[in-house]
Amino acid sequence: MSTLPLAVTRRRRRGVRHTLDTRVSPYAYVAPFFLLFCAFGLFPLVYTAWVSLHEWTLLSDTQTFIGLGNYGTLLADGYFWNATFNTLSIGILSTVPQLVLAVWLAHLLNKRLRFATLFRISLLLPNVTSVVAVVVIFSQLFGRDFGLINWVLGGLGAGQIDWAAGTATSHLALSVMIMWRWTGYNALIFLAAMQAVPRELYEAATLDGASNLKQLRKITIPMIRPTIIFVVIVSTIGAMQIIAEPMLFGQSTGSGGGLATGGPDRQFQTLALFVYEQGFANSTFDFGYASAASWLMFLAVVIVAGINFLLTRRVKGGLV
Amino acid sequence: MRLRYLTLTGVAFFSAFPLYYSVVVASRHNSALAQVPPPLLPGGNFFANVARVFDTVPFGLALLNSLIVAGSISVAVMFFSTLAGFAFAKLRFRGKNIMLVITVATMMVPAQLGIIPLYMLMVKLEWTGTNYALIVPALVNAFGVFFMTQYLSRALPTELLEAGRVDGCTTWGLFWHVVLPTARPAAAVLGMLTFMSAWNDYFWPLVVLNPDNPTVQVALSTLASGYVNDYVLGLAGTAVGTLPLVLVFALFGKQIIGGIMQGAVKG
């Protein structure tokens with residue numbers, strides 16, 4: 001090497017640096033995301049599975065391996081099944097009308113419109129509101145004695161409804177909160193997809209005399225199907241994890257039963273809230289049991305999301 | 001036609017009314033809530049109620065904590081997302097496509113499942129009760145990376161990068177002198193979206209923080225739970241914690257909405 005002229009070594013050294021710069025530096029640029037995800041996303045997820053196979057509490061230093069013991073106990077736990085039922089019920093009640101409404105609203109917005117920005121901003125306003133604020137506000141509106149909703153219903157001849165007390169009424173109240181917060185957001189996502197649909201399709205359909213509703217069904221929905229599938233999956237995953245709403249609803253209506261039970265009779269305890277109760281709100285801090293519940297919840301998320309994916313894919317379209 | 005405006009106006013009303021009504025209640029006295037018909041206009045008690053909020057929970061500290069947490073998360077997310085977005089959109093490296101697919105796929109992972117090990121990790125790091133527990137896991141996220149990737153692959157001309165290369169720029173130099181200026185509008189929208197979601201985050205702060213060193217949302221939930229029948233107090237706190245965000249949104253709403261809608265369309 002020492003026989004090489006100086007210029008050549010320098011060029012070669014610059015070559016190495018150049019290779020490093022173009023070949024390796026891209027990995028450094030995307031590394032922060034992957035490192036962070038591995039540390040705070042992937043590792044906890046995998047470790048949950050390991051913890052779930054143990055008798056493992058915050059209070060004890062020793063952990064005993066018990067295999068699938070926690071899962072066996074869970075499947076025989078009535079509270080677990082109650083939470084599963086509540087999650088599905090609130091999930092369906094909030095997601096299905098929400099998405100139908102969102103598609104329809106997006107359809108209404110997807111025309112030449114005066115005050116378009118104003119309408120969009122007001123639609124997204126609820127999404128800017130925090131979940132705590134939403135539940136505090138709606139707990140007042142749904143109040144049994146002085147709530148505005150009961151006052152209006154009373155004017156229509158209905159009696160005083162104790163919204164938080166019943167299974168059906170509490171699920172309905174929670175669904176209204178979730179819908180209020182998310183419908184506008186999803187409508188904007190649908191609107192973005194609708195704006196990419198070629199205008200000529202509508203013009204041709206109008207010439208052929210297709211009604212507004214028919215255009216929505218035969219053109220819009222088939223054309224934005226990928227977005228519909230995406231939103232359905234994301235909403236499903238979100239709905240299966242609902243926790244803050246029932247937690248705060250139980251607190252701020254003062255219906256009793258503590259922070260994590262979802263009402264005194266567990267009438268609106270969701271799966272995620274059940275996990276929280278076992279892990280953090282119970283005096284036992286049973287991490288093993290809570291982790292097992294987490295994994296069963298994950299299984300439920302995957303199954304329900306899968307079913308919804310298959311269902312949405314079958315949405316009939318006239319064009320594609 | 002007229003029906004469409006009527007419907008949209010109705011929907012806009014239902015979107016805004018609960019927020020308006022919360023201000024009405026927050027500016028009244030508790031006894032006013034029992035009136036028939038209920039009050040529909042704001043009263044004069046708002047500032048007295050807000051003062052009561054600050055007396056009941058450490059709300060000043062909570063506002064400061066939320067500002068620190070949401071502020072640092074936003075800055076970090078803007079920076080790291082632009083960096084990764086640049087690599088994914090414009091640089092060539094082996095495994096790029098599969099890495100981008102993995103990034104998008106991680107958005108589907110239900111984050112709540114890992115909450116128990118995440119908490120154990122924070123105990124190990126001795127970060128429980130501190131803002132680190134909120135900031136560090138949120139420094140960059142898949143949505144931000146995807147968002148900036150989409151924007152930069154559309155808005156950043158490849159010729160500009162090649163010209164920079166010819167002038168002897170390193171990749172980092174390109175990022176600093178060419179990419180960052182181009183990315184600014186999208187990064188600003190991403191920053192606002194991130195700030196709002198960090199400000200509104202509730203469950204993780206509740207798990208990992210102490211009630212005496214809360215964020216705004218944790219303080220609000222204490223307010224709402226400890227004083228069950230005092231709706232006025234809870235809603236006064238809610239108004240103070242929410243209105244700044246609603247104000248920012250009202251000012252920059254157009255850009256924020258544009259950002260959300262752009263992020264939704266696959267490039």
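This note goes through a predicted model of a complex with chains A and B, point by point.

1. Confidence in the model. The complex is predicted, and the predictor assigns an ipTM of 0.87 together with a pTM of 0.87. For chain A the mean pLDDT is 85, with 92% of its residues reaching 70 or more, while for chain B the mean is 87 and 96% of its residues reach 70 or more. Within chain A, the element with the lowest mean pLDDT is helix H1 (residues 6-52), at 83, and the element with the highest is helix H3 (residues 78-109), at 93. Where pLDDT is low, the predicted coordinates should not be read in detail.

2. The domains of chain A. The domain assignment divides chain A into domain 1 (6-52) and domain 2 (69-313). The centres of these two domains of chain A, taken over C-alpha atoms, are separated by 39 Å. Contact between them involves four residues of domain 1 of chain A and seven residues of domain 2 of chain A. On the side of domain 1 of chain A that touches domain 2 of chain A, there are two nonpolar residues, two polar residues and no charged residues.

3. The make-up of chain B. Chain B contains 12 helices and zero strands, and its pattern along the sequence is accordingly written as α-α-α-α-α-α-α-α-α-α-α-α. Taken along the principal axes, the C-alpha atoms of chain B fill a box of roughly 75 × 60 × 30 Å.

4. A helix pair inside chain B. Helix H7 (residues 142-155) and helix H9 (residues 171-200) of chain B pack at an angle of about 145 degrees, and their axes lie 10 Å apart; the crossing of H7(B) and H9(B) is right-handed. From H7(B), the residues that take part are B:Gly144, B:Phe147, B:Met148, B:Tyr151, B:Leu152 and B:Ala155, and they meet B:Val179, B:Thr182, B:Ala183, B:Ala186, B:Leu190 and B:Thr194 of H9(B). By class, the contact of H7(B) with H9(B) holds nine nonpolar residues, three polar residues and no charged residues.

5. The contact between the chains. Chain A brings 72 residues to the contact and chain B brings 74 residues. On the side of chain B that touches chain A, helix H12 (residues 231-264) of chain B gives the most, with 16 residues. That side of chain B consists of 53 nonpolar, 19 polar and two charged residues.

6. A helix pair across the two chains. What is the angle at which helix H4 (residues 116-128) of chain A and helix H1 (residues 2-26) of chain B pack? The angle is about 40 degrees, and the axes of the two helices are 8 Å apart. Angles under 35 degrees would count as roughly parallel, so H4(A) is described as oblique to H1(B). The crossing in which H4(A) passes H1(B) is left-handed. On the side of H4(A), the contact is made by A:Phe119, A:Ser122, A:Leu123, A:Leu125 and A:Pro126, and on the side of H1(B) by B:Leu8, B:Val11, B:Ala12, B:Ser15, B:Ala16 and B:Leu19. Sorted by class, the contact of H4(A) with H1(B) comprises nine nonpolar residues and two polar residues, with no charged residues.

Methods:
Residues numbered from 1 in each chain as written. Chains lettered and ligands numbered in written order. Predicted model: local features only at pLDDT ≥ 70, side-chain atom pairs only at ≥ 80, totals over all residues. Contact = placed C-beta atoms within 7 Å. Helix = DSSP H or I, 4+ residues; strand = E, 2+ residues; numbered from the N terminus. Nonpolar A, V, L, I, M, F, W, Y, C, P; charged D, E, K, R; others polar. Axes fitted to C-alpha atoms, helices over the stretch in contact; angles between N-to-C directions. Parallel < 35°, antiparallel > 145°, perpendicular 65-115°, else oblique. Left-handed = near helix turned anticlockwise from the far one by under 90°. Domains from an automatic or database assignment. pLDDT = per-residue confidence, 0-100.
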